[in-house]
Structures are given as C-alpha cells and as structure tokens.
Amino acid sequence: MLNYNTTMSYLKKIGFYFCICYLPAPALLADTVIDASLRLLHFDYEEFDQSGATFNKETGVIPGFSIAASKKLNHFTNTLSFESYDGEVDYDGQLQSGAPHMTQTQETLNRVLYKLNWSPNNNNNSIFGKIAWQQWDRDILPTKSVSGLFEQYEWWAIEIGFLATIYENNTSRWQFELGISKIDNGTIEIDLIDQGFGQPKLELGDGQGVAAQLIYRHTFMSSNALSISLQHQRWTFGRSNTESISNGFNTFEITEPRSESIHSILSFNFHHYF
C-alpha cells in the first residue's frame, strides 16, 4: 500500500513528465492547453454474490479535482491528465454471517491517463484512444461492534471512442463524447495484518466499461475558456481468483465478488491556451 512518501514521490514524477513533455520552450507552446477543474463525483459501487443478489452497496457524493495538459500536432492531440477524489460514502451491506451491516466508507480514487485524439479533417471532431491507470483505496470504517476493513484496488483500462461537435459558433461549443473500454490487470490488496493474515492480493476478473460525456465550452478571451461537463461512466470487475490464507491457527479461503461501478461526474473546468 502507498505511504505518504511513496505517494509524494509518484506525484513529483508526474509533474516532472508534465514539464518535460509540455513545457519545453516558449517556441514549442503553440497549440498547447493547460486545464484545471473542480469536480463532484456521484459514487455508486455494488458487489454481487454468486446468485446475482446484491452483497453490499456504497453510494455518495465525493469532491475531486483534475489537471491536464494537451498539445496539438497536425491532426493529432496528445493529452496527459491526473484526477483525484476523496470523501466518505454510505455503506449498506452484510457481514459474512449474513447479518445486515451499515457504516461509512472512506474512498480515495486516483487516475492517470494518456489520450490520443485523431481528427482526419483537423477540426473539433475526432476519434480517440485512451489508456488509464487507476488506484482506489476503499476504507470500510469500523463501528462499535464490527471492525473496519481496508482494501486497495489497482487496474488498467484501455478505451476507444469518438468526440463529436453538436453545435458551435465563434465563442461557444457543444460536444458529445462516447467510449467503450476494456478493464485489465486488476488487483485487490486486503489489509488483514491485525488479524494475522498479512496483506493477501487477489487478481480481479477482467471487465468492460462504457463512458459518455456532454461538454459545453465558452471562450471568453483569446487565451482562456470555461467549460462545464457531465460524464457518466460504468464498468465491471469479474469475480477474482480464490486464495487460501492462514494466521498459523486458522485457514480460510477468500474471494472478491463480481462488482459494478457507476460514476457520474459534474466538472467545472478552466482552460488556458498558449
């Protein structure tokens, strides 16, 4: 699991790559855009048992932010971005015994992605490919009678799709984006140190996803613009492998169930053009 020093080192590397790739010299900054946004994420996560019934569900609204830099080269636009969310949501589920259980879950989500847009006609319509690495810290908080549980998920997603301009004039633009994705190489690490079982890691089943986004952008100066966007994402994880764990006295088998995530994101964005 990432500690403070590891996280800060990772973020410094991201910043370094931003500088090397996007801020090399004034002469190279033409067609470069720096974006910053504040976000609200409606978080909806659900796990299912083998019969298809809901095992637990987590819902709530989480604040977040993102930063991005993009550079246009002929018909291609390269984008590198980082986004992060952190907050508590409601947990409604059950214990291993089947007894109902309600608490809060502290959610922390980080995402780094690279996106390549190709516009054959060199306009505001394009097709794109995207690759993203994502990390999700899921801390199910303890109650008076039930211990908490910390899990860390990591996975890769590869997405393809299109961006279409619905309407535009000299200062405003409406766009729609749609993509489909493949979820791959997912893992979950479970903190069971206090129980004597260490930190077992399971391999999540591969899944699929879909994302749609509606964007409105208004340019109010030659070098600045504001936009608002509404994005809807859905993806699944398949059931994980089963692993046997032991603390020297007891042995158990653990499996991560099949799950579905639905994220709706409202973003308020500022864009600066060089």
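The largest cavity is lined by 25 residues, and those nearest its centre are Arg-111, Gln-134, Gln-233, Trp-235 and His-263. Before going further, please note that this is a predicted model, in which local features need pLDDT of at least 70 and side-chain atom pairs count only at pLDDT 80 or more, while totals for chains, interfaces and linings use all residues. Residues are numbered from 1 along each chain as its sequence is written, and side-chain values use heavy atoms, with hydrogens and water left out.

## The cavity

A cavity here is a set of points, on a 1 Å grid over the protein atoms alone, where a 1.4 Å probe fits but cannot get out; lining residues have an atom within 4 Å of a point. The count comes to one cavity of 30 Å³ or more. The volume of the largest cavity is about 270 Å³, a volume being the space filled by probe spheres set on the points, with grid points joined across faces, edges and corners.

Which strands supply at least two residues each of this lining? They are S3, S4, S5, S6, S7, S9 (207–221), S10 (224–237) and S13 (258–273). Strands are DSSP runs (E, at least two residues), numbered from the N terminus. S5 gives the most to the lining of the largest cavity, with five residues. By class, this lining has 12 nonpolar, eight polar and five charged residues. In this scheme Ala, Val, Leu, Ile, Met, Phe, Trp, Tyr, Cys and Pro count as nonpolar, Asp, Glu, Lys and Arg as charged, and the others, Gly among them, as polar.

## The second largest pocket

A pocket, by contrast, is an open set of points with protein on both sides within 12 Å along at least five of seven lines. The second largest pocket has a volume of about 1,000 Å³. It has 30 lining residues, and Phe-55, Gln-96, Leu-149, Glu-151 and Ile-254 are the closest to its centre. Two or more lining residues come from each of S1, S2, S3 (76–94), S5 (126–140), S6 (149–168) and S12 (251–255). S12 provides the largest share of this lining, four residues. Sorted by class, the lining of the second largest pocket holds 14 nonpolar, nine polar and seven charged residues.

## Salt bridges

Side chains of opposite charge can pair when their charged atoms come close. The rule used for a salt bridge is a side-chain nitrogen of Lys or Arg within 4 Å of a carboxyl oxygen of Asp or Glu.

| Salt bridge | Closest N to O distance |
|---|---|
| Lys-115 and Glu-177 | 2.7 Å |
| Glu-168 and Arg-173 | 3.7 Å |

Glu-46 lies in strand S1 (residues 32–48) and Lys-57 in strand S2 (residues 54–73), so the pair ties together parts that are 11 residues apart in sequence. Is Glu-46 buried or exposed? Glu-46 is buried, at 13% relative accessible area, whereas Lys-57 is partly exposed, at 29%. The classes are buried for under 20% relative accessible area, exposed for over 50%, and partly exposed in between (1.4 Å probe, protein chains only).

In the pair of Glu-168 and Arg-173, Glu-168 is partly exposed at 42% relative accessible area, and Arg-173 is partly exposed at 22%. Elsewhere, salt bridges that share partners join Glu-47, Glu-58, Arg-138 and Glu-151 into one network.

Arg-138 is in strand S5 and is buried, with a relative accessible area of 2%. Its side chain makes polar contacts with the side chains of Glu-47, at 2.9 Å, and Glu-58, at 2.7 Å. A polar contact is a pair of N or O atoms within 3.5 Å; within protein, one must be able to donate a hydrogen and the other to accept it, and residues adjacent in sequence count only if both atoms are side-chain atoms.

Glu-177 sits in strand S7 and is buried at 6% relative accessibility. The side chains of Glu-177 and Lys-115 also make a polar contact of 2.7 Å. Beyond its neighbours within four places in sequence, Glu-177 is in contact (heavy atoms within 4.5 Å) with residues including Lys-115, Phe-128, Lys-130 and Phe-162. The C-alpha atoms of Glu-177 and Thr-165, 12 residues apart along the chain, are separated by 8.8 Å.
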